[in-house]
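Open the structure in your viewer and keep the selection tool at hand. The stops below go from the whole chain to single contacts.

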Amino acid sequence: MSVGLAPISDHGTDSDSSLADIRGMPYGDRRLRRYVTAPQIPTARPARSTVGLRSERGPILGSVMLSIALVAIDSTILATAVPAVVADLGGFTQFPWLFSAYLLAQAVTTPVYGKVADVVGRKPLMLFGVLVFVGGSVLSALAWSMTALIAFRAVQGIGAGAIMPAGTTIMGDIYSLAERAVAQGYIASVWAVSAVVGPTLGGLFVDQLSWRWIFWVNVPLGGLACWMLARSFHEEPVERTRAPIDWWGALFLALSAGLLLLGLLEGGIRWAWDSPASLVIFTGAAVLAIAAAFVETRAADPVLPPWIFQRRVLNAAMVGALVVGVVMMGVTSYVPLYAQRVLGTGAVVAGLALAALTIGWPIAATTAGRIYLRWGFRTTQLLGAGFGVLGCAVLLLVGPGSSVWLVAAGCLVLGLGLGYVASPGIIAAQTAVAWQQRGVATGANLFARSIGSAVGVAVFGAIANATVVHRLGSSRPEQVELEHLPVGVLDPALHAVFVAVAACALLLVAAGLLMPSRVAEATESGVATGE
């Protein structure tokens with residue numbers, strides 16, 4: 001059944017027009033809620049039958065889940081195929097760029113796509129993102145060299161950069177505040193399933209078929225996602241009442257973010273932090289950031305408008321997303337290495353220990369709605385901060401003689417904490433702005449998490465290398481290969497990383513305290529009544 005989103009501006013907006021009134025309207029009029037002032041947050045949690053895949057909006061939810069699954073599976077499926085790719089194409093020293101090029105392209109385009117979603121609509125952007133991602137997948141499957149594959153992975157990243165903000169914004173559009181509590185559980189489950197399905201499919205394709213099938217599999221999945229979205233989601237054309245997109249600001253912002261991420265991802269690995277290369281890259285990023293700020297403050301309709309940083313809800317959500325990105329990168333990068341090299345487990349067992357994090361996250365995302373609808377967003381995020389700190393504390397107890405189950409327990413608890421911070425944070429951000437601002441708010445939140453991930457790579461890598469240098473007396477930390485170190489050196493290096501992760505997790509408390517307890521639906525002006 002098709003579901004439309006048609007704005008009707010002549011509906012009442014007084015305080016008696018609560019979200020409960022909207023529930024009786026046809027689903028095509030649900031976008032009216034951006035005009036409604038909700039005096040209180042509804043505490044009734046809708047049944048899954050009204051939100052799930054069998055509901056009237058189920059086809060839209062299913063198409064968004066399938067689109068996001070393309071990105072989620074892609075983040076794990078390639079790692080298992082790297083040896084086969086290198087054996088076929090060569091370029092061993094280049095293969096880390098298979099991941100860096102994708103991450104860079106996705107991260108720098110996310111805030112731009114968030115603005116595009118507000119200007120041209122969510123559906124065109126989502127279809128564009130899926131088609132570009134599938135196109136990049138086809139090119140990757142046909143790659144004839146490592147250089148070509150890296151370039152085509154960047155094309156995939158450009159598509160992924162559109163899928164994530166468009167899909168997340170659609171969820172904010174078609175569901176009310178109470179309903180998003182349930183819908184977030186479905187989206188979070190995509191990542192949990194992908195964490196298991198991705199490596200399994202990757203290994204299966206490499207062993208039974210060819211590594212190229214890890215890209216070919218995206219073609220039917222992407223085609224099905226486009227068909228479902230085109231058939232079920234009908235969006236009214238966006239009125240062209242605003243100024244054109246500020247492309248100069250978008251260009252400066254993307255280039256600045258790209259150089260910053262490049263410097264953070266490759267610094268201390270391909271070149272020293274104090275080398276001329278690092279100096280040029282970070283100086284260039286700063287200059288372009290100043291140019292972007294200059295352009296954005298003077299643009300009629302900026303890509304990253306200044307009001308993003310003037311609202312308490314959005315700032316709290318972005319701080320939480322930034323810290324989540326930092327902490328998550330520290331755990332996902334070093335827990336498998338610790339389990340294999342220090343505890344002596346196999347790769348599968350190490351992966352399962354880390355998978356506990358992806359189990360805790362969707363559990364938290366699914367149950368967070370009950371908490372923030374009853375006790376507020378601040379309480380929910382502070383609960384997440386508590387779980388996050390507790391999970392990191394468990395990881396600090398791990399030693400060479402520990403069981404891998406202790407590592408899994410720490411990851412599970414930490415996953416609960418990150419889920420209670422990330423999911424309510426983005427829901428609060430979407431609730432605090434009107435429809436025409438929701439894409440920008442969503443893109444900024446996702447961009448903050450990407451920046452946090454890059455910062456985590458740089459900081460934790462520097463800490464691990466510095467500890468190794470101290471132990472071995474090496475003067476070239478950028479050449480340290482952690483996986484080849486003896487346990488007596490690797491254990492304290494990784495333990496230092498876990499200490500740093502725990503320290504960062506404490507910042508989740510600050511993000512929780514910054515978040516207001518109640519965030520009501522935004523009015524037409526874009527200001528939430530709870531701010």
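What follows is a short tour of a predicted model.

**Whole chain**

Start with a cartoon of everything. The chain has 18 helices and two strands. Colour by burial next: of the 531 residues, 57% are buried. Among contacts with a separation of 6 or more, 82% join residues 24 or more positions apart.

**The largest nonpolar core**

Select Val 64, Met 126, Ile 170 and Met 171. These four touch the most other members of the largest nonpolar core, which holds 69 residues.

Which residues does Ile 170 contact, leaving aside its neighbours within four places in sequence? Show side chains around Ile 170 and you will find Ile 60, Val 64, Arg 122, Met 126 and Phe 233. Two of these contacts, Val 64 and Met 126, were in your previous selection.

A separate, second core is made of 48 residues. To locate this second core, select Ala 408, Val 421, Phe 460 and Val 501, which are among its members.

**Helix 12 against helix 17**

Select residues 312-342 (helix 12) and residues 487-505 (helix 17). Their axes come within 10 Å and cross at roughly 160°. An angle over 145 degrees counts as roughly antiparallel, so helix 12 and helix 17 are roughly antiparallel to each other. The crossing of helix 12 past helix 17 is left-handed.

To see the contact itself, show side chains on both helices. On helix 12, the residues involved include Val 323, Val 327, Gly 330, Tyr 334, Tyr 338 and Arg 341. On helix 17, they include Leu 490, Asp 491, Leu 494, Phe 498 and Val 501. Val 501 is also one of the residues of the second core.

**An aromatic pair**

The last stop is one of six aromatic pairs in the structure. Select Tyr 372 and Phe 377. Are these two residues buried or exposed? Both Tyr 372 and Phe 377 are buried. Their rings are stacked, with 4.6 Å from centre to centre and 15° between the planes.

Note on methods
Residues numbered from 1 in each chain as written. Predicted model: local features only at pLDDT ≥ 70, side-chain atom pairs only at ≥ 80, totals over all residues. Heavy atoms only, no water. Core = buried A, V, L, I, M, F, W, Y, C linked by side-chain atoms within 4.5 Å. Buried < 20%, exposed > 50% of the residue type's maximum accessible area, 1.4 Å probe, protein only. Contact = heavy atoms within 4.5 Å. Phe/Tyr/Trp six-rings, centres within 6.5 Å; stacked < 30°, edge-to-face > 60°. Axes fitted to C-alpha atoms, helices over the stretch in contact; angles between N-to-C directions. Helix = DSSP H or I, 4+ residues; strand = E, 2+ residues; numbered from the N terminus. Parallel < 35°, antiparallel > 145°, perpendicular 65-115°, else oblique. Left-handed = near helix turned anticlockwise from the far one by under 90°.
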